[in-house]
Amino acid sequence: MDVKILDFEGPLDLLLHLIKESKMDIFDIPMEQITKQYLSYLHELEEIDLEKASIYLPLASELMEIKARMLLLKKEEIEEDEEIDPREELVRRLLEYEAYKEISKTLKEKEDERKQYFTKIPSPLSPYMEEDKGLEGDLTLDDLVDALKKFLKRKEEEKPLKTKVTMKEITVSSRKLEISSILKNKGKVKFQELFEHFTKPYIVATFLAILEMARENSLLIKQEKTFGEIIVEGTK
Amino acid sequence: MEAVLEGLLFVVGEDGLTLSQIEEILEVDEEKAKEILSNLKTSYEEKNRGIRIDFLGNRFKLTTKKEHQKYYQKLVENKENNMLSQAALETLAIIAYNQPITRLAIDNFRGVSSAQMVRKLVAKGFIKEVGRSDLPGRPILYETTSEFLDYFGLPTIDELPDMRNFLEQNQEDDDIDLYNSKYKEDKITQEN
């Protein structure tokens, strides 16, 4: 088949062309034949312009699906009158597309005709125009939303630059050092006294530090009686 | 009054004037406005002048006459014609008969993506956004403009040819068959 590939406006245009060229009845398209022709065209196109070919792919799969459904219909041999022809939707679209193609020819004629006479650009009436520009007509909700977006963006720019307040990181090892220096100075302290701040990271780090130090035998944890005061004592 | 209207139409040029604008500016009622318009129109026609009054895109405009087209052509040196592509015409036809319409619906009619074409047509002023559909994602709806009508020399959107004339009808064959069989019947009775 040597059809100029780039002449088609899309898959529907191509399909319509193939149908017309083979003089098929649009209301009774031979699916097998048309699918074969369409695919052979598609393969040819793939060699030349893969990107363009991709536009034609969805309809190819649609054609194959319709073909398959028609075969199934025949096998089952159900009362044909009640079955919806699988081609129906495609035919409707093709006819519609064909109509618009025809209409665009009429439009083309009208375009040609209208090109034969002219109007002129409006005379500038600036001497009578008021300074105040006001708002032009044709404003839509989108314009309003756009204006608001721009306003918010400007507001954003006016805001002082963000400064990050960094929190001092409390690590288990730093707490260990601190606790051991406290114990060195005081010998022993109450458990609570080691918790000077009541922030979560501080408490967690301190608690872990005490446990680790106990494991390392660098401190002892004592409790005289149940529910009594817990005493932390340095080992040295 | 006709002279004033003539001047007005000259000044507005391709923007044209609607009937209600004419009423407003001349401070007359609709009937009077129509009368002034038709007087001016006739006087243009009678004297066989180079200008006429046309009704395009719902507006009255002064235009040149197409009989004189060949003379205007001589003014232009490069005769490159600046026509719309087949794809553009197709897309416009679909929009014109289905407006307001979403881009996706246009794509479905054409079987190809129309994103670029729609953008181009908006830029040319042939179509415009007129709001959003209630469909999911609230897609933009497009409509043809008065410039579209003028470009194709159409007075109003109703002047577009009837879509039905362009649709191949399946029933048509049935109708003919019916007619034929009846015809045969008649023939048979005649023969008898």
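Modeller: Helices here are DSSP runs of H or I with at least four residues, strands are runs of E with at least two, and both are numbered from the N terminus. The model is a predicted one.

Colleague: What pattern does chain A follow along the sequence?

Modeller: The secondary structure of chain A comes to seven helices and three strands. Read in sequence order, these elements give the pattern α-α-α-α-α-α-β-α-β-β.

Colleague: What percentage of the residues of chain A count as buried?

Modeller: A residue needs 20 or more other C-beta atoms within 10 Å of its own to be buried. Chain A has 236 residues, and the part of them that counts as buried is 17%.

Colleague: How many residues of α5(A) are buried?

Modeller: Helix α5(A) covers residues 141–158, which is 18 residues, and its end-to-end C-alpha distance of 26 Å is close to the 26 Å expected. The helix lies largely in the open, because the number of its residues that are buried is zero.

Colleague: Which strands are the edge strands of the sheet in chain A?

Modeller: The sheet is open and has three strands in the order β1-β3-β2 (chain A), with antiparallel pairing. An edge strand pairs on one side only, and that holds for β1 (188–190) and β2 of chain A.

Colleague: Which residue is the bridge partner of I221(A)?

Modeller: Strand β2(A), residues 219–223, runs antiparallel to β3(A), residues 230–234, and five bridges join them. L219(A) stands opposite G234(A) in this pairing. For I221(A), the bridge partner in β3(A) is V232(A).

Colleague: Which residue in the turn between β2(A) and β3(A) has a positive phi?

Modeller: The two strands β2(A) and β3(A) form a hairpin with six residues between them. In that turn, a positive phi of about 65 degrees belongs to F227(A).

Colleague: Which elements of chain A give two or more residues to the side that touches chain B, and which of them gives the most?

Modeller: The contact takes 35 residues from chain A and 38 residues from chain B. On the side of chain A, the elements with two or more residues are α1 (11–21), α3 (50–76) and α4 (88–114). By class, that side has 17 nonpolar, seven polar and 11 charged residues. The element that gives the most, with 17 residues, is α4(A).

Colleague: What angle does the direction of α5(B) make with that of β5(B)?

Modeller: Chain B has an open sheet of three strands in the order β3-β5-β4, with antiparallel pairing. Its edge strands are β3 and β4 of chain B. Helix α5(B) packs on this sheet and touches β3, β4 and β5 of chain B, and the angle between the directions of α5(B) and β5(B) is about 100 degrees.

Colleague: Where is P100(B) found?

Modeller: The peptide bond from Q99(B) to P100(B) is cis, with omega near -5 degrees. P100(B) itself is in the loop between α5 (86–98) and β3 (101–102) of chain B.

Colleague: Is N58(B) buried, partly exposed or exposed?

Modeller: N58(B) is in the loop between β1 (51–56) and β2 (59–64) of chain B. The phi of N58(B) is positive, about 65 degrees, although the residue is not a glycine. With 15 C-beta neighbours inside 10 Å, N58(B) counts as partly exposed.

Colleague: Is R138(B) buried or exposed?

Modeller: R138(B) is in the loop between β4 (127–132) and β5 (140–144) of chain B. Phi of R138(B) is near 40 degrees, which is positive in a residue other than glycine. R138(B) has 11 C-beta neighbours inside 10 Å and therefore counts as exposed.

Note on methods. Residues numbered from 1 in each chain as written. Chains lettered and ligands numbered in written order. Predicted model: local features only at pLDDT ≥ 70, side-chain atom pairs only at ≥ 80, totals over all residues. Contact = placed C-beta atoms within 7 Å. Nonpolar A, V, L, I, M, F, W, Y, C, P; charged D, E, K, R; others polar. Buried ≥ 20, exposed ≤ 12 C-beta atoms within 10 Å, placed from the backbone. Pairing = 2+ DSSP bridges. Expected span 1.5 Å × (residues − 1). Axes fitted to C-alpha atoms, helices over the stretch in contact; angles between N-to-C directions.
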